[in-house]
Amino acid sequence: MAIPKKLREFDVVRDDEKCIRCEVCCRMCANDVHSYDAETDKVSADSAKCVGCHFCEDVCPTEALVIKRNKSQIKRNANWKNDALGNIIKQANTGGVVLIGMGNDRPIRDYFGHIVLNASQVTNPSIDPLREPMELKTFIGSKPDRIELVEKKSKIKNTTEIPPQLELETPVLFTAMSFGSISLNACKSLAKAACDFGTYWNTGEGGLHKDLYPYAHRCIVQVASGRFGVDREYLKKGAAIEIKIGQGAKPGIGGHLPGEKVSAEISSTRMIPEGTDALSPAPHHDIYSIEDLRQLIFALKEATDYKKPVGVKIAAVHNVAPIASGIVRAGADFVVIDGIRGGTGAAPQIIRDNVGIPIELAVAAVDQRLREEGIRHRASLIAAGGIKSSGDVVKAVALGADAVYIGTAALVALGCHLCQRCYTGKCNWGIATQDPYLTKRLNPEIGAKRAYNLLRGWSLEIKEMLGGMGINAIESLRGNKEQLRGVGLHEKELELLGIKHAGEAW
Amino acid sequence: MGDKKINKPRRIIIREEYCMGCRLCEVWCIVAHSKSKDIIKAYKGQEPRPVSGIYFEERGAISFTLQCRHCEDAPCLEACLTGAMYRDKKTGMVLHNKDKCVGCWMCIMACPYGVIKPDFKEKKVASKCDLCIEREFPACVEHCPNEAIILVNKKGERIDKE
Ligand code: SF4
Ligand code: SF4
Ligand code: SF4
Ligand code: SF4
């Protein structure tokens, strides 16, 4: 039979009038799409191989190239779309699980997009952030139950013991992305940007490469089910520790870095033999209950002399609120909730697209639950998974988060165009690859500058939005749901988010 | 980017760890030394296409570009019989005057970096990096997408494009 190979996703369109045959595109595409034929003096493209990363489009000096989505012209069908068809063809060819990178691309309701913010008019003054101080400083860590004051010789002394805190200049941190899933140059870019701006980055489960030691004071070190790269020094070097239970892109699923990618550098950083598969089991084999989790939290606190916050990251699933409550009771200083739109380097597509719940609902539910139980102050709440703009940051904080993690947005700042082929290791932008020919395309000096600019731009915008609401500190926005209104949301959705519909006054 | 002639010493620093091997520096060197300064015309127009002043080296994942180093003790200057190769007083750059060149190629023999390109047809020196003396900022440095080549002043401080 004639075997359908795959549905073509893109058309590489070249304006021959503009093409000067410099062959830059031929050299730069890791998917070998472009080629030059000296006989005909023509540059041609094998569009079927194109993944739509747009690298060639950006480096072509004459702007001769446009990458266009090519919806292979199958008969229009409301049920059978290209994606479904394409995956079936792939599976009929291989008999395997369809892998994918980045976050969920299905049109699962974007609640942030259905929420609008408030602004002051007449009865309360708005604040101009360019003229008046505006505080974005955020502290991540457990807050004391009460303030203890002692009076001594008519002087009042504050004797409250404050648990260890992370001090952020803006409520945005870079999320866990391991060296292995992304290149060392990508890690360096984010690490340096976090240090320069005064926020934090996260090692993911990849260990801490020695080149990243200079940025370790602003690094959250992760302890995941594979325990890669974890030793006493690693724990001591980081500013905080994060126990990774789950991830929004693949709740309930472990990780797998194939042996070919475990180079000498990765092997020494992860502390595993070179060339062996790095397998992160789905569960931590020593955690089967909240009590077990408590043991690990306190083992890590013990190992770091109770000097660093220890947090727990979970994927947003149906039972997220009671689980988060258990995590706080187990002694976590911060809880990270990763929603269904969270990114990944590789996940089975069926899991990525179908498992988990949106972060907006999860954050609102967790914040509400912790407040009801009177333990909200015991841990900070970090929202992750699908934060696309400073508007989303403000909405997440108003829904109850202390801060947000960004991953995809940070990678986009480094060049990523969301082609979702991270798992192939052929990232033309030098981000999700370990191929030295590709990784050097990401100059960490430039990357750090761009990631820093993103933090700066968002922070300025957050200040503008706060000022408009008449609020002068991000602290006053946390859980301040009166600043939010839903547009086009169902009653139940509004109830779960804890917000009113647009048109309803205070 | 005006065509202001520069009058201060400057130097191109090569950072091989960031060279991604695109060879865009060569493309823009050619454009900068063309009559039209227009990329399409330079490549597709009538004029003979200039030769870039850049040597590109690549093996596996390692690549870098090399331009004339504008040596302080330039062997090419010593070797040149006619004075076609000369030093610009203001900038200290080593430049080449095609009109005076007789094509003995002694400079090519003498250059320890091998960065002078011969022109076999005209029997002259075809090209050598002139550090874009006609431009405020060298074309290759300006267009390198990954800052693999950067410009520094006499003290070694980086000069960024305004
Ligand atoms: S990079 Fe652009 S100009 Fe150069 S060969 Fe490719 S399409 Fe043509
Ligand atoms: S895969 Fe990327 S670099 Fe290659 S042709 Fe497609 S868009 Fe261009
Ligand atoms: S433009 Fe820059 S990255 Fe490209 S080949 Fe030249 S020096 Fe290397
Ligand atoms: S041509 Fe060669 S010898 Fe002459 S200044 Fe340049 S690098 Fe030095």
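Analyst: Gladly! Just after α14(A), Gly470(A) takes a positive phi of about 80°. This is a predicted model, where local features need pLDDT of at least 70 and side-chain atom pairs count only at pLDDT 80 or more, while totals for chains, interfaces and linings use all residues. Residues are numbered from 1 along each chain, chains are lettered from A and ligands numbered from 1 in the order written, and side-chain values use heavy atoms, without hydrogens and water.

User: How do you know that the span of helix α14 of chain A agrees with what it should be?

Analyst: Helices are DSSP runs of H or I with at least four residues, numbered from the N terminus. The 26 residues of α14(A), 444-469, should span 38 Å, since the expected span is 1.5 Å times one less than the number of residues. The end C-alpha atoms are 37 Å apart, so the two values agree.

User: What caps the N-terminal end of α14(A)?

Analyst: Asn443(A) does, with a side-chain oxygen 2.9 Å from the backbone nitrogen of Glu445(A).

User: What makes β11 and β12 of chain A edge strands?

Analyst: Strands are DSSP runs of E with at least two residues, and two of them pair if DSSP finds at least two bridges between them. The open sheet of 8 strands in chain A has the order β11-β21-β20-β18-β17-β14-β13-β12, with parallel pairing. β11 (172-174) and β12 (201-202) each have a single partner strand, so one side of each is left without a neighbour in the sheet. β11(A) pairs with β21(A) (residues 403-406) over 3 bridges in the parallel sense, and Phe174(A) stands opposite Ile406(A).

User: How many residues lie between β2(A) and β3(A) in their hairpin?

Analyst: There are 4 residues between them, and Asp41(A) in the turn has a positive phi of about 50°. β2(A) (residues 34-37) and β3(A) (residues 42-45) run antiparallel, joined by 4 bridges. Lys42(A) is the bridge partner of Asp37(A).

User: Which residues come nearest to ligand 1?

Analyst: Of 13 residues around ligand 1, Cys19(A), Cys22(A), Glu23(A), Cys25(A) and Cys60(A) come nearest; "around" here takes a heavy atom within 4 Å. 

User: Which residues are closest to ligand 3, and which to ligand 4?

Analyst: Ligand 3 has 13 residues around it, the closest being Cys19(B), Cys22(B), Arg23(B), Cys25(B) and Cys144(B). Ligand 4 has 14, with Cys68(B), Arg69(B), Cys71(B), Cys76(B) and Cys111(B) closest.

Technical notes:
Polar contact = N/O pair within 3.5 Å; in protein donor to acceptor, adjacent residues only side chain to side chain.
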